[in-house]
Amino acid sequence: MTMGRSIGGLWIAGLLFIASTGPSFADLVRFEAKGAPKERLVIYSSTDVERIEFLIRAFQQKAPGIAIDYYELDTLDIFQRVVDETDAGIPTADLALSSAMDLQIKLVNDGYSAPYFSEETESLPGWANWRDEAFGFTYEPAVIIYNRALAPELKQVDSRFELAKTLSEQSSNLRGRVATYDPKHSGLGFLFGTQDAVHSEDFWYLARSLGDNDVQLMTSSASMIDKVASGNALIAYNVLGSYALARERQNPDLAITIPKDYGLVMSRIAIATKTARNPRAAGQFIDFLLSRDGQELIAGPASLYAIRSDIQGDATARKLQETAEGPLIPIHLGPGLLVYLDKIKRKDFLNRWQRAMDGK
Amino acid sequence: MSPRQAPAWSIRRRVLGWLFLAMALVFSANLTSSYYSNLDAADNAFDRLLLASASAIAERTAVRGDELRVDIPYVALDMLASTAQDRVFYAVSAPDGKVVTGYEDLPSPKQSKRGGAQEPVFYNSTYKQAPVRIVALRSFVSGRKLSGYVTIKVAQTRGDRDGLTYSLLKQSALWMLVIALAGAIAAWFAVSIGLRPLARLRDALGRRSPDDVRPVLHDVPNEFKPLVGAINGMLHRLDGGLRSMRSFISDASHQLKTPLASLQSQSEMALRETDPEAVRESLAKVYKSAKRTSRLAQQLLSHARATDASPNFADFDISQLIRETIEILLPQAIARNLDLGYEGEEQAWMRGDRALIGEMILNLADNAIKYSPAGSVVTLGAQMRSRTTCLMVEDNGPGIPKEYRTSVFERFVRMQNTTAEGCGLGLAIVREIAQRHGASTTLDDTPGGGLRVEVAFPIDQPGGA
């Protein structure tokens with residue numbers, strides 16, 4: 001990993017150390033074709049395979065001739081591999097599914113994706129389809145979770161300002177027992193943090209309060225949920241709602257609050273790569289993800305929150321819109337997302353974050 | 001109509017054809033120019049947005065300490081989110097030219113402006129395989145250790161601009177199509193309306209009886225006036241022709257009536273005679289009359305031929321023709337004790353219908369022989385002059401007095417107190433043939449008191465028509 005890259009070098013140099021700190025492994029799961037194998041679809045994805053295998057199996061029911069190679073990768077790895085492999089002219093994934101919306105947008109902006117157009121992509125809301133090349137297929141809120149059994153009074157924490165205020169007042173109670181994403185080491189945490197900085201006046205006040213309370217910085221939603229479930233933390237901020245919802249079903253101690261000032265909503269993004277060897281199958285898979293059947297599964301076993309408004313259930317955009325007390329702000333797909341990938345911008349944000357953590 | 005014939009000629013089709021050709025030329029020129037002006041308009045509209053984005057970045061670029069700080073505002077890139085969802089690239093370079101942040105290899109303007117120029121430069125280029133529009137903005141920053149112009153480049157793919165250009169272009173193309181269609185319809189009806197007088201003219205001419213040769217007096221558009229004029233001219237000539245034909249027929253029948261009546265009475269007298277000598281005398285008279293009548297009929301025929309037949313023009317030597325005619329007439333001349341001869345050039349070329357000219361010579365010579373007293377001299381000649389070839393016939397007969405020199409050319413006009421047998425057609429035939437050849441005929445006295453006839457045939461100028 002050097003800085004001598006000709007394309008995207010400046011962008012990526014600052015991000016690389018995230019990847020180098022985490023385990024850069026590639027978990028390959030092969031789903032053999034149901035029928036006589038005719039073609040192979042290669043997917044790079046940041047979604048846990050357990051959450052998505054229902055979808056893959058259902059897809060293969062419909063397309064029995066397609067075998068699927070599912071590489072579970074870190075969001076940055078997905079980006080880096082697609083760029084490296086495309087530039088080197090070697091085979092890359094046909095389809096990239098990632099929760100790092102900014103990185104996916106950068107892939108599209110820099111010309112690594114191919115357009116795809118169908119009835120299903122057509123019916124997506126405008127903010128979830130960029131250039132017919134990037135498609136949002138989930139509608140996952142960033143939520144606050146707290147331990148209902150250990151700290152029932154945290155029910156009143158229903159906004160960022162309220163959280164910051166509570167942290168300032170009851171510092172003895174929550175010190176060391178609050179968790180949030182580490183924006184320095186998590187792509188999604190960085191995305192949530194920067195979006196909060198754009199949308200909320202209270203974000204930096206909240207960041208300072210978190211720093212004052214020795215916030216535990218985590219790199220995944222699952223670990224934050226673990227902390228809160230076990231009582232190691234009482235409350236966690238900016239947890240991925242889809243993961244929280246799945247755990248809440250099993251653990252009644254966990255409670256979910258969607259901030260009432262606004263609920264940030266992220267979308268997992270699917271793009272077909274420009275040099276896909278099997279663009280037809282990639283398109284088929286995108287269509288399936290956006291189809292009624294696919295979205296039912298996303299709302300059901302995957303509990304990733306269906307983006308389609310005609311799907312019923314707990315994990316759906318529709319339910320979320322009905323129950324949320326405040327506005328829901330989906331992160332729009334578009335060039336604005338490139339801003340926080342800027343090297344200097346990123347450095348500035350992280351410096352400011354660090355100062356808040358240090359209580360300066 | 002044979003199937004190989006060319007497609008029917010249609011004014012309407014031609015008018016439409018030319019109209020469309022002209023329109024196609026004008027429209028393609030118009031489309032080309034409007035393409036560029038639309039492109040310009042689209043660029044102007046979207047360039048402002050691009051500049052706003054670059055300015056937003058410039059505003060947040062500053063020297064802090066010894067470092068150049070660039071805080072790309074979210075709105076700078078978000079404002080470029082367009083309907084066509086164009087891709088966006090940017091780069092910020094320090095005064096020393098080093099790219100501080102953004103896309104390092106974003107193309108620079110062809111001629112980078114040196115010095116303090118702060119005018120933004122807009123240019124087209126290609127980046128990441130897509131045509132892009134770029135603005136380069138120079139902005140002055142100053143700090144304790146670093147001072148100078150930073151360059152901010154913001155680029156956008158051309159989707160929205162091209163979209164606007166083509167939608168404007170489509171609009172103007174649509175209008176042109178409407179105009180073309182309206183033009184075609186207008187031309188269609190204009191041709192119908194314009195040709196309506198022609199249809200009226202056709203109907204009027206169609207209704208006429210065969211002998212109605214009055215000029216056409218219909219009010220017609222200016223464009224048809226020459227045509228109607230030509231038709232009227234033709235009708236006039238036709239009228240003249242018909243008139244002269246009618247008068248000729250009436251003259252001819254009148255002329256034939258007299259000799260036939262005398263033939264009838266002479267043969268009646270002969271039948272009544274008993275004396276063989278008297279019968280013989282009468283028969284001789286009958287023979288003479290019949291011969292004259294036959295001569296008259298022949299003359300009528302040759303006059304008709306001179307009038308009607310379409311002449312067959314060719315170059316020939318008239319002197320040769322004169323000599324041939326002399327040979328034919330020689331027995332007749334010898335019988336009357338006349339000296340018939342040729343006096344002129346060896347060769348005299350002219351252009352004309354040889355048979356008709358032969359007829360003319362025959363008539364002139366015949367007249368000369370007939371009207372000359374025995375023992376006199378009849379001379380035929382030919383002469384080439386600068387512009388004419390002349391035929392001359394001279395005799396030393398009685399001549400024609402000046403007052404008759406015009407009228408003798410009329411049909412059946414004979415001078416009084418002539419004794420010779422003639423029917424009065426000879427000179428009429430000569431005049432007819434001369435007119436056919438554009439030749440002029442002159443009658444003159446000879447020194448000896450006889451008649452000199454001269455027919456001058458024009459010679460075509462070499463290379464002329």
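In chain A, helix 6 (residues 160–169) and helix 9 (residues 203–212) pack with their axes 9 Å apart and at an angle of about 30 degrees. Axes here are lines fitted to C-alpha atoms, for helices over the stretch in contact, and angles run from 0 to 180 degrees between N-to-C directions. Helices (H or I, at least four residues) and strands (E, at least two) are DSSP runs, numbered from the N terminus. The model is predicted: local features need pLDDT of at least 70 and side-chain atom pairs count only at pLDDT 80 or more, whereas totals for chains, interfaces and linings use all residues. Residues are numbered from 1 along each chain as its sequence is written, and chains are lettered from A and ligands numbered from 1 in the order in which they are written.

Helix 6 of chain A contributes R160(A), L163(A), A164(A), L167(A) and S168(A) to the contact, and helix 9 of chain A contributes F203(A), Y205(A), L206(A), S209(A), L210(A) and D212(A). Residues are in contact if their C-beta atoms, placed from the backbone, lie within 7 Å.

Elsewhere in chain A, D102(A) belongs to helix 4 (residues 101–109). D102(A) counts as buried because it has 25 C-beta neighbours inside 10 Å; the cut-off is 20 or more, with 12 or fewer for exposed and partly exposed in between, C-beta atoms being placed from the backbone. Beyond its neighbours within four places in sequence, D102(A) is in contact with L191(A), L337(A), L338(A), Y340(A) and L341(A). The C-alpha atoms of D102(A) and L338(A) are separated by 6.1 Å, although these residues lie 236 residues apart along the chain.

In chain B, strand 14 (residues 451–458) pairs with strand 12 (residues 388–394) in the antiparallel sense over seven bridges; pairing requires that DSSP find at least two bridges. Within strand 14 of chain B, E454(B) stands opposite M392(B). Strand 14 of chain B also pairs in the antiparallel sense with strand 13 (residues 440–445) of chain B, over six bridges, and V453(B) of strand 14 is the bridge partner of L443(B). Five residues separate strands 13 and 14 of chain B in a hairpin, and G449(B) in the turn has a positive phi of about 95 degrees.

Finally, the two chains meet in a contact that takes 19 residues from chain A and 20 residues from chain B. On the side of chain B that touches chain A, the elements that give two or more residues are strand 2 (67–70), helix 2 (74–78) and strand 4 (99–102) of chain B.
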